[in-house]
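Open the model in your viewer and keep the selection panel at hand.

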Amino acid sequence: KNMDRRGKHTTSIQYIYLRDFEIKTWYTTPYPEEYNRNKILYVCEYCLKYMNSRYIYHRHELKCTHFRPPGNEIYRDGKISVWEIDGRENVIYCQNLCLLAKLFLNSKTLYYDVEPFIFYVLTEREEVSVGSPKFHLVGYFSKEKLNSTDYNLSCILTLPIYQRRGYGHFLMEFSYLLSRREFKWGTPEKPLSDLGLLSYRNYWKVKCAQVLINVKELSQVPDFSNLRISLQEISNLTGMIPTDVIFGLEQLKVLVRRTGNDGKVRYAIKVESWQRIESICQNWNMKSSCKLDPLKLIWKPMI
Ligand code: ACO
Ligand code: ZN
């Protein structure tokens, strides 16, 4: 279904072989020339080394026995883990991760200058035998370390074999959780890809719906149609910058815009149909396969 979105392949890499999957690539990526000639590129899902042949790949499998990404495991809940990886400490891994991501991104992204970034890698644990788990790569996002802007996420990817199961949403929520721990509001770096925009729109909508429901449940007022909550308060609760909150509320069709006598635009929240808001929340809860539990994050902001 992503065929029409793909650019023309100027190189011959059409698939990457990762774990037991052959994954069709969408765009090109600047792997070194000698690797760009193959139709299938073999990638180790643990260290992300790329290889020319299945033979070399199998030999590598025997040697590469970490079965997890580098860096610190800062979150674990059931099978799900998130690893924090400093671009300065694991240069090759992070470069390889960016090269891999570029296969699914049209825009120019960074590949080699990874040092100013931190990478948050999402894995799913498989207990092959007792005491020797394998942490399978699901997706990641990167974040600039020193950041004077509001950006809390630079680039995000869910591997195509895991897409549309809520992992992107989980990673986005994770990025906002980090912002909240830093006492900041955040937003993803622009421009967004078309899939990035679709996913963020959905995220902002679902998050705003959840906040409204929580506020309604805590509220003492009998009339719930005019909620007493400001954009700033929703920003504080979600970590989302007010413009993204507005976006989410607009999707929910609960935002009323008024221009005051002074010419300034003011917003009010007016809910016509709570049923609609509730079903948006319920639908999302039913379908997402992993939920973020903030209490399971063991992390302090890097200074
Ligand atoms: N078509 C339509 N809607 C979509 C699609 C799609 N292909 N993908 C996501 N959405 C929307 C839907 O509303 C979806 O909910 P639904 O499945 O109930 O309809 C919602 O987003 C949530 O989707 P998730 O399952 O949480 O997202 P996923 O794990 O698939 O990851 C991501 C989304 C990361 C954008 C993925 O599509 C991807 O890796 N794409 C390639 C790389 C990319 O474009 N990254 C974003 C670049 S912009 C930036 O990095 C700042
Ligand atoms: Zn390896």
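Start with α5, which gives the most to the shell around ligand 1, with 5 residues. This is a predicted model: local features need pLDDT of at least 70, side-chain atom pairs count only at pLDDT 80 or more, and totals for chains, interfaces and linings use all residues. Residues are numbered from 1 along each chain as its sequence is written, while chains are lettered from A and ligands numbered from 1 in the order in which they are written.

Now select ligand 1. It is surrounded by 24 residues, the closest being Thr 158, Gln 163, Gly 168, Ser 193 and Gly 196 (near means a C-beta atom, placed from the backbone, within 6 Å). Two or more residues each come from β10 (155-158), α4 (167-181) and α5. Helices (H or I, at least four residues) and strands (E, at least two) are DSSP runs, numbered from the N terminus.

Next, show α5 (residues 194-218) with α7 (residues 242-252): their axes, lines fitted to C-alpha atoms over the stretch in contact, are 8 Å apart. The angle is about 80 degrees, on a scale from 0 to 180 degrees between N-to-C directions. The two helices are therefore roughly perpendicular (65 to 115 degrees). On the α5 side, colour Arg 201 and Trp 204, among others; on the α7 side, Asp 244 and Phe 247 are included (contact: C-beta atoms, placed from the backbone, within 7 Å).

Finally, go to β1 (residues 15-18) and β2 (residues 21-24), antiparallel strands joined by 4 bridges (pairing takes at least two DSSP bridges). Tyr 17 has Glu 22 in β2 as its bridge partner. In the hairpin turn, Arg 19 has a positive phi of about 50 degrees.

Conventions. Angles under 35 degrees count as roughly parallel, over 145 as roughly antiparallel, 65 to 115 as roughly perpendicular and the rest as oblique. Two residues are in contact if their C-beta atoms, placed from the backbone, lie within 7 Å.
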